[in-house]
Amino acid sequence: MLRLAVPALVVLAMAVTGCSGDVSPLRQAYMAPAAKPVAAPEFVAGSRKTDETFLPVGVSAPARPIRARSSEGAKALAAELEGARGANEAKGRAAESAARATKPASATP
């Protein structure tokens, strides 16, 4: 009985440690090696534009020239938009009444 228990424990121990990421020999054997930085080929480096149309990694974007509106500016914009909405609604009502006036009497419900 002891002769069967020892190999079974060894197999169990191997199975348990095989699942562990730290000691798995399969993981070490089949993992890709760490990628090493590679210099860009000459044709790639030569074809890149020299103007600043993109931001390289690690460089912060420049400050925007336009800043957010102040509370007074936001209120003025809201008032302007409310006025435009009122004007558009008035034009809509005028167009609707003109459309009703041009319909024949038989077409009105």
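Q: Where in the protein chain is confidence lowest, and where is it highest?
A: In this predicted model, confidence in the protein chain is lowest in helix α2 (residues 25-30), with a mean of 66, and highest in helix α4 (residues 71-102), with a mean of 95. pLDDT runs from 0 to 100. Where it is low, the predicted coordinates should not be read in detail.

Q: What is the mean pLDDT of the protein chain?
A: The mean is 78, and 67% of the residues reach 70 or more.

Q: How many helices and strands are in the protein chain?
A: The protein chain has 4 helices and 0 strands. Along the sequence the pattern reads α-α-α-α.

Q: What makes E82 and R85 a salt bridge?
A: The cut-off for a side-chain nitrogen of Lys or Arg and a carboxyl oxygen of Asp or Glu is within 4 Å. The closest N and O atoms of E82 and R85 are 2.8 Å apart, so the pair counts as a salt bridge. Both residues lie in helix α4, 3 residues apart, which is about one turn of the helix.

Q: Why is E82 called partly exposed?
A: Partly exposed covers the range between under 20% (buried) and over 50% (exposed). E82 has a relative accessible area of 46%, so E82 is partly exposed. R85, with 47%, is also partly exposed.

Q: How do you know that E96 forms a salt bridge with R100?
A: The closest N and O atoms of E96 and R100 are 3.6 Å apart. The rule asks for within 4 Å, so the pair qualifies. E96 and R100 are separated by about one helical turn because they are 4 residues apart in helix α4. By this rule the count comes to 2 salt bridges.

Q: Why does M14 count as exposed?
A: The cut-off for exposed is over 50%. M14 has 57% relative accessibility, so M14 counts as exposed. M14 lies in helix α1 (residues 2-19).

Q: Which residues make the nonpolar surface patch of about 280 Å²?
A: The patch is made by V6, V10 and M14. Nonpolar side chains are joined within 5 Å if their residues have over 30% relative accessible area.

Q: What percentage of the protein chain counts as buried?
A: Of its 109 residues, 1% count as buried. The protein chain exposes about 10400 Å², and carbon and sulfur atoms supply 65% of that area.

Note on methods
Residues numbered from 1 in each chain as written. Predicted model: local features only at pLDDT ≥ 70, side-chain atom pairs only at ≥ 80, totals over all residues. Heavy atoms only, no water. Patch = residues over 30% accessible without salt bridge, like charges linked within 9 Å, V, L, I, M, F, W, Y side chains within 5 Å. Areas by Shrake-Rupley, 256 points an atom, 1.4 Å probe, with all protein chains shown as cover. Helix = DSSP H or I, 4+ residues; strand = E, 2+ residues; numbered from the N terminus. Buried < 20%, exposed > 50% of the residue type's maximum accessible area, 1.4 Å probe, protein only. pLDDT = per-residue confidence, 0-100.
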